[in-house]
Amino acid sequence: MLSTAALAQARAHRTYRERVLPAVYAASVPVAVTAWEVPGEPVPFADAVGQPYEPFAPGQRWGRPWGTTWLRVRGTVPADWPAAQPVELVVDLGFTGGQAGFQAEGLVWTPDGRVVKALEPRHNHVRVDAGPGETVDLVVEAASNPDVAGDWDFAPTPLGDLATAGRDPLYTFAGAWLRRLDPTVFALERDWHTLADVMGELPETSTRRARILRALERAADLLDPEDVAGTATAARDALAPALGVTGSRDTHTVIATGHAHIDSAWLWPVRETIRKCARTFSNVLDLMETYDDFVFVASSAQQYAWMQQHYPELFARIRVRVAEGRFVPVGGMWVESDTNLPGGEAMARQFVEGKGFFLRELGVETTEAWLPDSFGYSGALPQIVAASGSDHFLTQKTSWNETNTLPHHTFAWEGIDGTRILAHFPPVDTYNSDLGAAELAHAAGQHSERGQSDVSLVPFGFGDGGGGPTREMVETGLRKADLDGSPRVRFGRPDAFFAEASETLPEPAVWSGEIYLEFHRGTYTSQARTKAGNRRSEHLLREAELWSATAAVRLGRPYPVQALQQAWHTVLLQQFHDILPGSSIAWVHQEAERRYDEVAVALEALIDDAVTALAADDGDTPETGGPVAFNASPFAVLGVPPLAAGRVEPQPSHGAREGDRYVLTGDAVRATFDAHGRLISLVDGASGREVIAPGAVGNDLQLFRDVPNQWDAWDLDTAYRRTPLDRVQTVAVTLEGAELRVQKTVGSSTVAQRIRVNEAGTGLEIETEVDWHERQKLLKLAFGFDVHADRAASEVQFGHVRRATHANTSWDQARFETAAHRWVHVDEPGLGVTVANDRVYGHDITRSTRPGGGTTTLVRESLLRAPLFPDPYADQGRHVFRHGIVVGELLAGVAEGYRLNLPLRHTQGRTVAPLVSVDNPAVVVEAVKLAEDGSGDVVVRLYEARGGRATAVLTPGFASTGSARTDLLERTLPDQPADPCVLTMRAFELVTLRLARAA
């Protein structure tokens with residue numbers, strides 16, 4: 001028999017495209033529009049509404065890059081329109097075919113200043129509460145945001161910097177209309193689209209596919225192209241039997257939760273993100289007026305705080321929906337941060353500030369970490385999540401892996417200390433689903449736990465630049481509640497999903513350690529100034545809290561709660577996963593660097609105030625007068641105790657020239673450099689062991705071509721290793737006392753180094769100043785050590801991870817660039833070497849076998865990149881790096897990392913005893929502060945640093961009436977040891993202690 005399937009399918013598609021879609025609106029009339037262009041940055045509604053507006057016609061060009069134009073829209077609903085059919089205002093700002101959230105956007109207001117809803121490419125309608133003959137009067141705040149990404153060809157663009165973006169208008173206004181929606185035709189459109197979409201995913205030989213096709217064919221027969229509205233009901237009736245076929249009992253179920261991943265900054269500045277949140281959240285609230293089952297999740301307490309500050313009436317409406325359980329705060333973090341680069345205390349504060357805000361302002365305790373788009377996940381995260389009182393984790397970013405596929409979708413994730421939390425990696429492989437058939441089929445088909453737990457989560461809605469779910473998506477989900485040929489769709493909350501997953505998968509598979517993203521490895525290095533600002537801010541915050549708490553307890557001085565919280569909020573915001581990693585436009589990074597400078601000024605003032613008060617002389621005695629140094633490190637430095645102020649005891653060092661070589665010596669180290677300033681010998685004074693491998697050098701600047709296949713600021717491709725560039729030239733090497741000075745050129749850039757033995761005489765300190773003017777290049781600093789290390793330890797939050805230095809497996813091979821914080825350490829039995837830094841995160845550590853035997857372990861630190869997109873001038877200019885090289889066991893390296901990042905503060909005055917002390921160096925104090933609740937209690941955060949069991953006693957340096965172990969939010973834990981200050985800790989265990997002060 002002649003097959004007519006192809007013809008029937010073509011007819012169904014054409015009927016939908018040419019007849020059904022255009023008939024969704026039964027009638028349309030244009031409205032009058034006037035406009036006022038804001039001359040500078042955006043202004044509030046109250047300032048804009050009274051400005052002089054001028055006529056604004058379709059076809060008119062508008063909107064310089066990053067500009068704002070306010071539109072006044074007025075019209076009258078035709079008197080002959082039936083009152084039963086809803087009326088909508090439809091506005092086309094000149095939308096392009098690009099992605100929602102990456103071009104022009106608008107926010108609709110009532111004339112009295114109430115936010116109504118957003119206007120975006122797929123959200124360009126607004127319900128109008130006006131009947132026949134009544135007037136419509138609305139105001140639109142239109143943002144002419146440029147499409148920085150364009151066609152995603154990653155070409156350099158001036159659009160990411162306000163200074164270079166230009167002023168020529170970007171968009172052509174297409175018009176605004178009042179349109180009458182035909183609910184029956186709209187329902188038919190969704191019926192038709194849903195069935196055709198499902199049909200497209202079914203096999204050609206499927207009976208179900210054939211039955212859907214025949215239903216569509218019959219509907220096309222019944223639909224009169226000259227009277228679509230009059231025959232729509234008959235067409236719907238023809239489709240109803242196909243829509244009514246339910247799925248089998250074993251069909252995969254997806255819990256669909258509305259979502260709009262809004263990047264807190266990326267290809268737009270923070271100020272625009274604030275407006276994006278208002279647009280998206282108003283869209284969501286509008287949908288909730290129509291769809292009772294619709295649920296929406298939003299993470300990032302910062303974004304809610306913006307709404308509370310800038311759009312209080314909108315925030316009040318959000319509060320109502322939160323109380324209903326339909327607008328769901330998730331994640332419990334201040335922002336969706338990067339997790340590779342933030343320090344331990346900063347990672348903890350993401351949850352302290354995020355969950356704290358949700359509890360205070362919305363009465364909600366979040367139970368999960370929600371990080372769908374961050375660039376890999378630290379092995380320390382499970383313990384931090386659990387310590388915040390949460391027990392679930394969600395991401396989908398690992399679907400971007402270039403080489404390996406994570407073997408699980410719902411699993412127990414085990415952290416470096418052994419803590420496990422239930423994790424979900426949605427098999428739909430997107431956080432911006434539209435609930436289309438292809439995506440849902442993909443989710444069901446690749447779900448790793450199928451047959452055990454047949455449920456997964458699908459976040460749906462336009463994201464990255466916001467927008468959120470559309471009514472079309474919700475209507476599609478409703479039709480797929482139980483539809484043969486599709487996974488079942490059930491609207492729900494993430495906590496409902498995790499509860500169901502826990503029940504159906506009581507013994508999930510375990511993934512242990514970090515979840516490394518095999519992609520975007522360049523984010524460990526791009527935008528070095530932003531990274532330096534983060535590192536410095538984290539340590540200034542530590543100092544400010546420590547010395548302010550000490551001054552409050554010892555001297556009764558007020559604790560600067562507001563100033564500290566403001567600084568934390570800035571730092572936490574800028575740890576967002578497109579700011580700190582360096583993958584945003586120039587505007588974002590310029591603003592970040594400016595705000596880091598402001599944080600530094602504010603915190604230095606707090607530190608200076610507290611230190612001056614603590615050191616104030618009580619007289620001229622050896623105990624109270626003379627030079628004194630404040631040591632914020634948890635380790636003693638130059639004889640100054642941890643967390644205290646004392647007299648320094650520097651060790652002498654010496655420099656000498658021996659022929660064409662230069663020798664620096666200290667109490668425990670002897671270093672020899674060649675005529676190019678490269679380290680050719682490093683001898684440990686204690687063992688006499690040579691640390692530099694035969695034929696290798698240290699302090700070796702290496703330049704590589706760095707042109708990734710895509711995602712310039714994000715990616716570092718392994719191809720860089722095959723393209724080293726011989727463009728490092730020595731200009732001068734001189735010895736000035738005990739300091740070696742090296743000058744070099746690297747391509748078009750200059751490098752000046754100052755090298756000395758550290759003041760303790762235990763290792764080298766290298767200061768490298770680079771004036772960087774390269775493009776698409778990578779600069780590394782390399783050290784070749786004579787150490788047989790099969791694994792290298794890299795600092796992460798509250799501990800370290802050990803990664804293979806070989807490439808036995810595809811997982812090892814893919815991990816060719818890794819992140820570390822203040823130090824990396826390589827060792828063999830009896831000898832270890834640490835390379836510490838004050839601002840670097842990217843590393844690669846490999847090993848090779850020398851001719852004749854012996855292993856060289858090569859440690860390379862990635863100093864600078866020069867990507868061209870999205871910031872064509874990334875990293876240009878001056879940078880200063882400090883490195884420390886010490887020989888010894890791992891804790892010596894941990895101490896060196898703290899020393900470099902927390903330099904002693906020198907002043908005159910008295911010594912100061914520590915506020916708290918710990919009797920085991922393996923138990924490290926990470927934070928000392930006063931309690932969040934204003935009680936005046938002292939809070940101490942500690943962790944085990946060596947990676948083994950440790951016992952210690954914490955002793956308060958003040959009168960304390962009791963202590964308790966708490967979670968990160970300083971809530972007392974139910975199970976308390978007899979004496980919480982007597983610590984028995986497992987490997988990398990994180991402990992928070994609260995110490996009550998005597999009155």
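Across the whole structure, a search finds 81 salt bridges, each defined as a side-chain nitrogen of Lys or Arg within 4 Å of a carboxyl oxygen of Asp or Glu. The model is predicted, so local features need pLDDT of at least 70 and side-chain atom pairs count only at pLDDT 80 or more, while totals for chains, interfaces and linings use all residues. Residues are numbered from 1 along each chain as its sequence is written, and side-chain values use heavy atoms, with hydrogens and water left out.

Let us begin with a local pair. Arg14 and Glu18 form a salt bridge at 2.9 Å, N to O; they lie 4 residues apart in helix α1 (residues 5-20), and about one helical turn therefore separates them. Helices (H or I, at least four residues) and strands (E, at least two) are DSSP runs, numbered from the N terminus. Arg14 is partly exposed at 49% relative accessible area, as is Glu18 at 33%; buried means under 20%, exposed over 50%, and partly exposed in between (1.4 Å probe, protein chains only).

Other bridges span the chain. Asp191 and Arg479 meet at 2.6 Å, N to O, linking helix α3 (residues 183-201) to helix α12 (residues 471-479) across 288 residues. Asp191 is buried at 2%, and Arg479 is buried at 14%. Lys780 and Asp844 form a salt bridge at 2.8 Å, N to O, which joins strand β35 to strand β41 (residues 842-849), 64 residues apart. Lys780 is buried at 0% and Asp844 at 2%.
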